[in-house]
Amino acid sequence: MTKLEGPDPLGPLAAEVPDLAVAAIAETEAPDAPEPKVETLRDYLRVVYLRIRSGDTGVLPVVAGLLLISVLFQSLNANFLSAGNLVNLLIQGAVYMLLAMGEVFPLLLGEIDLSIGFVSGIGGIVTAELLKQSYGWPWWAAILAALIACAGIGLLQGTIITRLGLPSFVVTLAGLLGWQGVMLLMLGQGGTQPINDNVVNDLASGTLTPAASWIVMILIVAAAGARTWLAESRRRATGLVAPPASLTLLKIAAMGAAGVAFVLICNTDRGRLLPIKGVPWVVLIVLGVLAAWTFLLRRTKFGRYVYAIGGNAEAARRAGINLSRIRTLGFMLASFTAGIAGIIYASRLRSVSTALDGGTLVLYAVAAAVIGGTSLFGGRGKAMHAVLGGIVIAAIDNGMGLQGYSAAAKYVVTALVLLTAVTIDAVARRNATR
Amino acid sequence: MSTEVAPIEAEPRSSAEASGAATGEPLLRLRGLSKSFGAVHALVDINLDVPAGQVTALAGDNGAGKSVLIKCISGIHSPDSGEIQWEGKPVHIRSPREAAALGIETVHQDLALCDNLDIVQNMFLGRERVRHLTLAEEEMETAAGQTLSSLAVTTVRSVRQLVASLSGGQRQSVAIAKAVLWNSRLVIMDEPTAALGVAQTAMVLTLVRRLADRGLAVLLVSHNMNDVFEVADRVAVLRLGHLVAVERAADIDAQVVVDLMTTGTSTRATQPKPAEPRTADDQA
């Protein structure tokens with residue numbers, strides 16, 4: 001079982017924290033375990049252990065993989081786990097994480113969306129265009145327009161797929177080609193559209209002040225902690241199977257520790273010429289999208305139906321679920337999330353150019369989601385998987401870059417990691433007790 | 001079939017005090033139901049009563065029209081002619097949704113469950129309870145747990161178990177409990193024990209009996225005679241689209257049903273209770 005395990009607010013925070021041990025604890029102790037009645041912390045851990053043994057590994061493989069990668073690269077280059085590099089890694093991986101979070105929706109539905117790489121390009125170019133002197137839109141209006149345009153693209157593709165009953169692979173492959181054309185057309189002769197708006201450029205490169213970082217972290221941990229406490233004590237009150245109070249407190253403590261560790265790392269001066277400190281904005285954006293999509297997938301009817309369709313579309317149809325509407329919405333959300341990724345991409349480069357390779361981006365997004373533990377066959381996966389997978393891909397890229405390896409070597413290693421992830425998943429599933 | 005099929009009184013073992021039985025009106029009554037697919041007469045002039053609180057078995061060989069008949073009742077097919085009465089009132093069931101609105105649930109042979117969802121999620125699929133725009137998980141979990149324990153389905157470890165990890169009998173139980181959870185009045189089951197082992201078959205049949213004892217009408221499609229005589233109060237036999245007999249299960253035995261299924265008549269001596277009217281013998 002890799003999803004719908006109830007509230008897991010530690011996940012989002014832990015994901016962004018390079019302190020991987022904390023992340024590992026957070027995920028193995030996924031709350032709301034649907035297992036025999038447990039009274040004490042020890043019983044609870046035993047149940048978790050049994051669940052992992054039975055093939056329900058959750059995010060354990062990817063977290064273990066991240067640990068392995070960290071140890072490996074750290075032993076090769078002492079700079080890998082330095083504060084500066086860790087924060088850099090998160091900024092570099094943000095685009096993959098966001099794109100992969102978009103791709104999770106079609107994957108959960110048992111479909112695929114190949115177009116989101118270039119749809120993100122459209123998101124970037126629309127923002128850049130509207131910010132030009134000749135249009136002079138305010139930053140928020142430009143971003144809003146870009147996101148609406150991307151959502152519209154998803155709506156169009158989703159409608160074609162569901163209404164005409166065409167395979168999503170082909171429709172979005174057409175999208176991959178078509179939106180690349182549109183992007184090149186919009187870029188025009190020069191091939192580059194610079195962005196001069198400070199707010200948009202700060203999305204990827206800007207940081208909170210160290211003091212603000214602390215305040216934001218405390219607010220997030222307090223909100224997540226309160227939510228966890230309320231939800232789990234409500235379960236205990238209604239007499240349902242619930243983790244013991246000691247575990248709830250431990251989880252909240254772990255969230256706090258992860259938050260403190262993360263802010264300490266981010267507040268370390270990582271600048272070369274000028275001091276750079278504080279939590280990057282982009283981390284908050286990724287966290288926000290992660291929280292929103294996790295909520296949507298776990299707590300709403302829409303999310304439940306996405307899983308149901310991916311698991312057994314016929315059963316979902318008989319249950320009276322409107323398959324076309326849910327599928328179309330899924331593709332719309334994928335493109336919308338791609339729009340966010342595109343704006344971050346443009347913001348990091350402070351421009352949009354023909355160098356944006358949407359084909360590679362989308363394949364990395366699929367790889368990130370799968371490495372994180374999302375199934376290509378539908379019905380299994382989480383937004384969290386996309387984030388963890390994105391970190392893995394960014395870590396490989398970054399670590400091998402530090403060692404001076406070529407792009408060729410990076411591709412091969414990423415391929416091997418992808419294959420390993422899928423193999424671990426398949427083997428674990430085969431051993432699962434039925 | 002020209003004669004009226006008299007509703008048969010509830011047998012002692014069923015506590016059929018549901019609305020239909022109490023008023024003498026069967027919950028579901030089919031009158032002259034016919035359905036053709038091109039030149040094929042799948043159903044011809046079917047008259048059948050399905051009373052509440054009883055298990056009505058629908059027996060018949062392959063191609064006898066069992067599936068077509070239940071599809072007509074559950075809204076997947078619409079009959080060409082004839083009438084469906086629900087609690088004495090004529091109704092038109094045009095879709096599974098309309099059938100569900102009346103209180104007709106079908107437990108399909110190929111189990112419409114999602115493997116990747118847990119028991120609670122499957123039982124509430126399509127009708128989730130929502131509070132403040134979010135799923136009311138605790139409420140649904142409690143209700144699902146109560147329904148399962150009221151049906152004495154105790155073999156599942158936890159209602160938060162994934163359906164993928166359940167045995168065939170447990171899955172069948174979940175599918176049946178789903179029908180009870182939604183307060184169905186009539187549960188149609190298509191070969192519920194087809195793929196099950198001995199112990200699991202017994203478990204599911206006990207559950208079927210329990211549904212009828214709670215006052216639900218059960219229409220059980222099966223060509224396993226052991227199952228039929230294990231749980232059914234009444235046996236309706238279909239042959240080549242014709243309803244050839246509707247009998248009290250106590251009045252006939254498996255051999256008679258097999259005769260009826262294959263030839264449409266039976267000359268075998270059975271032990272009819274003298275006071276009971278033989279309802280459909282004149283058909284043959």
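Predicted model: local features only at pLDDT ≥ 70, side-chain atom pairs only at ≥ 80, totals over all residues.

**Entry 1: a helix over a sheet.** I started with H2(B), which lies across S1, S2 and S4 of chain B. It runs at about 120° to S1(B).

Entry 2: Next I looked up the strand order. The open sheet has four strands, S2-S1-S4-S5 of chain B, and the pairing is antiparallel. Strand S2 (40-50) and S5 are the edge strands, each pairing on one side only. From one strand to the next the twist averages 30°.

I then walked across it pair by pair:
- S1(B) and S2(B) run antiparallel and are joined by seven bridges; Phe37(B) stands opposite Val40(B) of S2(B).
- S1 (residues 28-37) and S4 (residues 81-86) of chain B also run antiparallel, with five bridges joining them. Here Ser34(B) faces Ser81(B) of S4(B) as its opposite residue.
- S4(B) pairs with S5 (residues 89-91) of chain B over three bridges, in the antiparallel sense. Gln85(B) is set opposite Pro90(B) of S5(B).

What does Glu87(B) do in the hairpin of S4(B) and S5(B)? It takes a positive phi near 55°, in a hairpin with two residues between the strands.

**Entry 3: the other sheet.** Which strands of chain B form the mixed sheet? There are six, in the order S6-S9-S10-S3-S11-S12, and this sheet is open too. Its edge strands are S6 and strand S12 (242-248) of chain B, each with pairing on one side only. Direction ignored, neighbouring strands are turned by 20° against each other on average.

I zoomed in on the S6 end. S6(B) pairs with S9 (residues 186-190) of chain B in the parallel sense, over four bridges. Thr106(B) is opposite Ile188(B) in S9(B). A helix covers this part: H6(B) lies across S6 and S9 of chain B and runs at about 175° to S6(B).

**Entry 4: the second largest pocket.** I looked this one up next, and its volume is about 900 Å³.

H3(B) gives the largest share, five residues. By class the lining comes out as 17 nonpolar, seven polar and 10 charged residues.

**Entry 5: a helix pair in chain A.** Last stop was H13 (residues 301-311) against H15 (residues 323-349), both of chain A. They pack at about 105°, with axes 10 Å apart. That angle falls between 65 and 115, so H13(A) and H15(A) are roughly perpendicular to each other.

Who meets whom at this contact? H13(A) brings Phe302(A), Tyr305(A), Val306(A) and Ile309(A). From H15(A) come Leu323(A), Ile326(A), Arg327(A), Leu329(A), Gly330(A) and Leu333(A). I sorted the residues of this contact by class and got eight nonpolar, one polar and one charged.

Notes
Residues numbered from 1 in each chain as written. Chains lettered and ligands numbered in written order. Heavy atoms only, no water. Axes fitted to C-alpha atoms, helices over the stretch in contact; angles between N-to-C directions. Parallel < 35°, antiparallel > 145°, perpendicular 65-115°, else oblique. Contact = heavy atoms within 4.5 Å. Nonpolar A, V, L, I, M, F, W, Y, C, P; charged D, E, K, R; others polar. 1 Å grid on protein atoms, 1.4 Å probe; cavity = no way out; pocket = protein on both sides within 12 Å on 5 of 7 lines; lining within 4 Å. Points joined across faces, edges and corners; volume = space filled by probe spheres on them. Pairing = 2+ DSSP bridges.
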